[in-house]
Structures are given as structure tokens and as C-alpha cells.
Amino acid sequence: MKTTTALAIEGGRPALDGLPPFPSWPQHSAADARALLDVLESGKWGSTHGEVVSQFETEFAAAHGARHGIALSNGTLALAAALRAAGVGVGDEVICPPYTFIATASAALFVGAVPTFADVEPDTHLIDPASVERAITDRTKAIIAVHLAGSVANLDALNKLAETHGLTLIEDAAQAAGAAWRGRPVGAIGHLGTFSFQSSKNITAGEGGIVVTDDDRLASAVYSLVNVGRVRGGGWYEHASVGYNLRLTEFQGALLRGQLTRLPEQQQVRDDNAKLLTERLAGVEGVVVDREPAEMTAHGRHLFMVRVPELGAAGLRDAAAKALGAEGVIGASSGYVPLHRNEALIAESTALADRLGQPYPKADCPVSDLVCTDTIWFPQTVLLGTPEQTNAVADAITKVVSAGDALKSAN
Ligand SMILES: *Cc1c(COP(=O)(O)O)cnc(C)c1O
């Protein structure tokens, strides 16, 4: 099939021409400004003195069906704290997917553990439980399941594996605030769940994160790691364990409370647009939209992920992402590079394993290698537009995937 209209990169009219720009991110309200001023004027800027972070922890945990929420400085250290709270340490192996943000794997190294890799599913980009099972060794202590894009990894199979092999299951839900599996919000379905409030995420305070769990002992351990080893309700200089200082400020807490109240409404807009986009792309040759697991009852909608296998095989995926940007689909991205091939991670993991005299398992992740060549994703802000914009995004994708040789010349 050959396109009838010229691509914007060739000087054609952009598919989103004449439409307003997508909503900017992050968003704030007058109430947020007031809440920030309240913190400012209260003089209680730190969470050890104020109540705002603690209120947010309660509200976020409730929204995610978890008994406990412990806020902390970012999603990267949330993972490290979760691992350490679960007793994962020097020489232990932590299984994670290679198709994710680097923090998922680097968190293991921060606690002296070795990240190892299980492959992802070709039709969801999510960690594949069968590959996880193959990656388990007698040194494995934890699995980190990433709810990539806001979709939900197979928690039934992963919980079962964790139980059978005595492993801790951590949900990296940095992209999945508000997502649910069989009607239950993600986060505390595994032993612990972590979220990020970095600038791009669906709830943000610029930076920030939270660990949620239903387990009282794990919650206490995370609290102590966040608060220099203090015990909740204990004395200021009562350090019962060795912990970091990972606390948020009250300013961040104030922003996060406001963000959380807006999440359901924004989630609805993203969800409606994602469904429209999926429908529009269903019959389009050359585009495969990620399958949504049947047990997933709410999608977090952080990214909209598609594969373009033919363009990928022809080495034209990056050109397609660039062409989509020119059509006005801001943020169209080629996505992740495979972590099991990241030289920094391999070097540090190998050095650690060598030092401990243990083997460093070789990753077998052909699907991750493949999807890294043919995936394009769109950020959540694209899903925050109007149905008219969403239709134009579908037009842009259709136009670009059917452009064929025109992309080659623009590559
Ligand atoms: C953003 C992100 C993180 C890290 O969170 P930060 O707050 O940026 O440290 C971890 N895992 C995934 C999947 C992420 O998207």
C-alpha cells in the first residue's frame, strides 16, 4: 500500500496541522498553589515535622488497596529500598525484564545484588513468566515485574512462581498508578510495589516515589530505610537498623495530594483516547497495538505502545518515529534499548559476580532484542488530547506506516 498524501518530513501537510497542541505536563491548579503556600507559611517544610506527606501516604495507599504506603525520594530508590527491606543483599540474584527503564536493574546493584534477565512477551512488552521460571537459579531471591506502559504483568503466574520458589515479588509500578489486575489495584498484589513521581509520570511532584505493601514487617523495614534506621513512633536518636534518608519534603507531599485527586479524571480521558486509537489502528497493516491482558481491569495508560514489524525489519523504525514527530505526534519515541546489552550493567554485574566467585547468568532474551528494533511508543500526554486529536494521531500513524520507500529517503 502506498500513501496518497505526502509525509510532513517530505514537505507534506502534517496530519495534526491546525489542531491545538497536546496538553502540557505537568498540570497544576490554584488549589495546588494554595497548598504549596500553606506548607511554606507553616514553617514545616520537612515531613518529620509536618503532616502532608503522611496524609498523601495514607491517601495513595488507600487508592491502591494497600495497607501501607511509605513515600520516598524517587522510584529508583523505592526499588532499592523494597529489595533491601525484603532482605535481598550481596550476591543474591534479582530477575527483571530487559525492556524497561534502567533503574529496574540498577536498583539490584545498589543493594549488592546481581540483576539477571527474563525475556518479555512479544505482544505485550511485559515480562514473560515462562522465561522468569527458566532464569531462576539457587541464588535468585526476587523478581521485579514491571507494569510497563501502565499495563499489568501476569501477576497470577508471577505470584505462583514466587510462592513455589520462595522469592519476593516486587511490582515496579512506576508507570502504572491506577492500574488494576482482576479488580485489585496494582502495587500490593506482590509482596511490595513501587511507584515513581518523576516529571514524566502520571502523578508527579518533579521527583518522588512510594513503596506500598500489605505486609507490616516489610512496611516497618521500608520506613526505617527511609528514615535513617528509625522506628515508627520511636525516639529521634533511636536507630534500630542502618537506613538512608530518603524522605520527601512537605512541598512534594502537597503537590502529590493534588495530583492524586486529578488522576481518575485524567485516567478516564487517556483510557477513552487509547481505546479509540486501538480501534482506529485495528485494521491498519503494519501496526500491531499491544494486547491488553484479559485479567487487567484498569490500564495505567502511561504509554501507548505499538510494534511496526515490517518497518523494524527494514531498519526504518527510527525514521518512522521521526516522521510521526513531524506529523505533530509529539513525543513519538523509539523506546528502550535492551538492558541485557547495556555495557555498564554487564560490567558491574560481572565484576560483582567475579568478586563473589559466582557465575553471571547469560541473558537469553531474543524477544526483547526484537521488540527493541520495532517498537514505537507515544507518551501519556498524547492520550490527554481530544478525540479529534486522537483521530489525527491514528491518521498520522496510518500515513507513516504505509509510506514505504518515502521513509527510506527521509532516513
Ligand atoms: C521512571 C521509572 C523508574 C524510576 O523512577 P525515578 O523516580 O525516575 O527514579 C523505575 N522503573 C520504571 C519502569 C520507570 O518508568
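This is a predicted model: local features need pLDDT of at least 70, side-chain atom pairs count only at pLDDT 80 or more; totals for chains, interfaces and linings use all residues.

Residues are numbered from 1 along each chain as its sequence is written, and side-chain values use heavy atoms, with hydrogens and water left out.

**Stop 1: strand β8 and its sheet**

Colour residues 192-196, which make up strand β8. (Strands here are DSSP runs of E with at least two residues, helices are runs of H or I with at least four, and both are numbered from the N terminus.) How many of its residues are buried? 5 of 5, where buried means under 20% relative accessible area, exposed means over 50%, and partly exposed is in between (1.4 Å probe, protein chains only). Leu192, Thr194 and Ser196 lie on one side of β8, Gly193 and Phe195 on the other, and both faces are covered.

Now bring in the neighbours. β5 pairs with β8 in the parallel sense over 3 bridges; two strands count as paired if DSSP finds at least two bridges between them. On to β9, which is joined to β8 by 4 bridges and runs antiparallel to β8. To see one of these pairs, pick Phe195 and its bridge partner Ile210 in β9.

Zoom out to the whole sheet: 7 strands, open, in the order β1-β9-β8-β5-β4-β2-β3, with mixed pairing. β1 (68-72) and β3 are the edge strands, and each pairs on one side only. Neighbouring strands are turned by 25° against each other on average, direction ignored. (Axes are lines fitted to C-alpha atoms, for helices over the stretch in contact, and angles run from 0 to 180 degrees between N-to-C directions.) At the β1 end, β1 and β9 (209-213) pair antiparallel over 5 bridges, and Ile70 has Val211 in β9 as its bridge partner.

Helix α4 packs on this sheet, touching β2 (93-96), β3, β4 (140-146) and β5 (168-172), and its direction makes about 145° with that of β3. Touching here is contact, meaning heavy atoms within 4.5 Å.

**Stop 2: α4 against α11**

Show side chains for Ala105, Ser106 and Leu109 of α4 and Leu345, Glu348, Ser349 and Leu352 of α11, which make the contact. By class that is 4 nonpolar, 2 polar and 1 charged residues. (Ala, Val, Leu, Ile, Met, Phe, Trp, Tyr, Cys and Pro count as nonpolar, Asp, Glu, Lys and Arg as charged, and the others, Gly among them, as polar.)

**Stop 3: α8 against α13**

Next, select 250-281 (α8) and 387-401 (α13), which pack at an angle of about 35° with their axes 9 Å apart. On the α8 side, the contact residues are Asn273, Leu276, Leu277, Arg280 and Leu281; among those on α13 are Pro387, Val393 and Ile397. The contact divides into 7 nonpolar, 4 polar and 2 charged residues.

**Stop 4**

Look for β7-β6-β11, an open sheet of 3 strands with antiparallel pairing. β7 (184-185) and β11 (296-298) each have a single partner strand, so one side of each is left without a neighbour in the sheet. β6 (180-181) is joined to β11 by 2 bridges, and Trp181 stands opposite Met296 in β11.

**Stop 5**

Most residues other than glycine have a negative phi, and most peptide bonds are trans. Arg182, in the loop between β6 and β7, has a positive phi near 50°. Is Arg182 buried or exposed? Exposed, with a relative accessible area of 53%. His125 also has a positive phi, about 65°, and lies in the loop between β3 (114-117) and α5 (129-135). His125 is buried, at 1% relative accessible area. Finish at Trp25 and Pro26, where the peptide bond is cis, with omega near 0°; Pro26 is in the segment before α1 (30-42).
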